[in-house]
Structures are given as structure tokens and as C-alpha cells.
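I am opening a notebook page on this model.

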Amino acid sequence: MAGCRGESGSEGTWRLPNADLAATRAVSSPIDAGNVAQLEVRWRHPLTAPPTYSGIIASTPVADDTTVYVQDLQSNVHALDRETGKPRWIHRYRAPNEGPNGLAVDDARVYGATDADAFALSAETGEELWSRHLTGPTEQFVDVAPVVWGGLVFLSTVGYSPRGRGAIYALDAATGEIRWRFVAIRDPLRFPLESGGGGLWYPVSVDADGRLYAGNSNPTPWGGTPERPNGAAFPGPMPYTDSLIVLDARSGKLLWADQVTPHDVRDYDFQATPILATLSGKEVVLGAGKAGRVIAWDRETRKRLWETPVGLRLNDVGPLPNHRVTVCPGLLGGVETPMAYAE
């Protein structure tokens, strides 16, 4: 694990799932292309929990000055000595999660979630300090790593058919109480027993003005059904699915949103964590998702600055034909995992 400057200002820490609130995933490190081949394993820690659909681990470890924290896909949290890799403690939840999931560490607490409940643990002992249930009939899973900012912990549920309406949450970091909740689908479902969607797979980012940026997931059932083909179970564009969503981080009030794929019938989540950067004097936000489109917005004017397609593209726009075709990007294509930004 390479060192970086964490939120506390100490070298060698990675306290948030994407390194910092801007989600850059960038580190300050002596490791470069010239010496990376010289690295050797210092220690190993086996993860032996039963695998789920996505394997045993699907999240970035986080680290403070002394400890590395890892969550497996049974939601168990492992605290390992940074120098030796020996376990300091393990908090076992045994709650299967398909991922991605993950942790954040802040103010001597480790924050995370199972597939249904958010939690805070003591970073020193692993003792659970609080737990908050988040799921219900319209919010089926929690599959996102938390972000800590301003005494709040940001998480999200995701929604599936039937009736699914994923939501973004701000919890009190000290108590776990819900401070606000933003439903990530704007309108009531036309056919609630057949459709759903919305919610986050990857963490949020937060800028210096307290604006929260989130990449939202797709509507379901993608592709449609024999009775309602081409997404007829969710007629219309289905805001705010497949969108960049910008909220006031303190209140959860919507500031603005821009939908990248209206009426998505191909499972093209716009799920990657938005990256915050300054380019040529402009404050920008960079987003991407499974449609294979990387987009930059001006954070002040809210206008798109540029858009770049990546990857192979076949039958990726418009209605699906009534015969079998190859669609690219596919269900796990496009931009699938978090991006990074440096300099």
C-alpha cells in the first residue's frame, strides 16, 4: 500500500475509499514506473470468508497511521497492523454482500455497512458503537462505501424491481441518526410492481463549498420484459437514474442533476464516483459509467465541457431490436470501476 496524505494531514494514510473528498485516488509516493518492479511482498493476510457473487473482497482497504482496515464480502471488518499485517481485531458480521462495499476511518472510528445496516466501530478495539438499519420494501441493498464529512456519514441504498427506489443518506457520525434522505428516483413509479432502480454503487465526493456529487444507477428491469419490452415498465426518461446528482451536503437539498442516459434499457449505470478537479482555472467534476462515456462539467455553470466515449460501441443507443444482437458496452463494460486523477 503506497503512502498518501490523508484527511488528517498525516503522511501514509488513506482514510476514505477514494483517498480524499475529491475522489482523486491519487497518492504522493516514491513508487513510479522505474522502480515498481523492485517491490516485494512485506506481509500477507488471508481472507477466508465464503465468497459471494463477486468473490471475497471488492473494496479498497483504508489506513490510518498504524492500521489497515479491510472489509470482505461477508461484511466482516479486519484491522491489521500496518507494519506486520497481524490482526489487531476482527469484527464479524457474516452478512453476505455482492459488493462493492468498503470502509472509511475518521476520528478513531471505522464506518461501514452490511447489506442492510450502517455501522460505526471503534478503530482501537473493533467494538460496535452504533448500527442503523437502512433497507426496507423499496430499498433492497446497501452496496457502497461510506464517506465522512462535517460530522456526517454518507451512504446509499439501491432499489430493484418491484417498487425499488434507492436513496442517498446522511447519518450523524456520532450517533448514526438519519439527518437527511434523498430518494434517487424523481417521480412515482408508473408500474411499481414491475420496475425500480436508483441508488449508488460507489461513494460520493464533496467539494470545499459543501456540495455533494453522486453518480446514480440505472432503472430496472433493464431490457424490459415480454409484456413491456424496451423499458416500457418505466416509460419516459426516469430522472434521476443514470445521472450526475449534486446535493447540498448539509441538508440533502437537490442543487442540480444531469441525466446521461435517459430511459436506459442496457443497464448503463452512471455509477463511478465523480472526481473533483481544477482545469485551466475552472472547477470541474468528471463522471463516467457503464455506457462508456467520460464527461466533464463546469461546477459553477453546470454545463458540460466535453465528453469522450471509451471502448467498443455496438447497438449502444436507441431502442433494442426485436432480434438478438451484440451490445457493447455490455453489462459489465464501459467504465466499470473508479477513475483516478493526478496533476
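Which residues does Ser59 touch, not counting residues up to four places away in sequence? I looked this up in the model, which is predicted. Ser59 touches Gln71, Asn101 and Gly102 on that count. I placed Ser59 in the segment before strand E1 (62-63). Is Ser59 buried or exposed? Its relative accessibility is 16%, so I logged Ser59 as buried, the limit for buried being under 20%. I also noted a polar contact of 3.5 Å between the side chain of Ser59 and the side chain of Asn101.

**Salt bridges**

I searched the whole structure for salt bridges and got 19.

I took the pair Lys290 and Asp269 to begin with; their closest N and O atoms are 3.0 Å apart. I checked accessibility for both partners. Lys290 counts as buried at 7%, and Asp269 is buried with a relative accessible area of 2%.

Next I looked at Arg293, which forms a salt bridge with Glu307, with 2.6 Å between the closest N and O atoms. Arg293 belongs to strand E21 and Glu307 to strand E22 (residues 304-309), and the pair links distant parts of the chain, 14 residues apart. Here I wrote down partly exposed for Arg293, at 21% relative accessibility, and partly exposed for Glu307, at 36%.

The pair Asp316 and Arg313 has its closest N and O atoms 3.2 Å apart. I have Asp316 as buried, with a relative accessible area of 18%, whereas Arg313 is partly exposed at 26%.

Which residues are linked in a network of salt bridges? I found Asp207, Asp209, Arg211, Glu283, Arg299 and Glu300 linked this way.

In soluble globular proteins, nonpolar side chains tend to be buried together.

I then listed what Trp180 touches, leaving out residues up to four places away in sequence. Among its contacts are Leu152, Phe154, Ile168, Leu212 and Leu247, and the list also includes Asp248, Arg250 and Ser251.

In what order do the four strands of the open sheet lie? I read the order as E5-E6-E7-E8, with antiparallel pairing. Strand E5 (104-106) and strand E8 (128-133) are at the edges with a single partner strand each, so one side of each is left without a neighbour in the sheet. The twist from one strand to the next averages 20°.

I went over the contact between E5 and E6 in detail. Three bridges join these antiparallel strands, and Asp106 stands opposite Arg109 in E6.

Terms used: Residues are numbered from 1 along each chain as its sequence is written. This is a predicted model: local features need pLDDT of at least 70, side-chain atom pairs count only at pLDDT 80 or more; totals for chains, interfaces and linings use all residues. Side-chain values use heavy atoms; hydrogens and water are left out. A salt bridge is a side-chain nitrogen of Lys or Arg within 4 Å of a carboxyl oxygen of Asp or Glu. Buried means under 20% relative accessible area, exposed over 50%, partly exposed in between (1.4 Å probe, protein chains only). Helices (H or I, at least four residues) and strands (E, at least two) are DSSP runs, numbered from the N terminus. Contact means heavy atoms within 4.5 Å. Two strands pair if DSSP finds at least two bridges between them. Axes are lines fitted to C-alpha atoms, for helices over the stretch in contact, and angles run from 0 to 180 degrees between N-to-C directions. A polar contact is a pair of N or O atoms within 3.5 Å; within protein, one must be able to donate a hydrogen and the other to accept it, and residues adjacent in sequence count only if both atoms are side-chain atoms.
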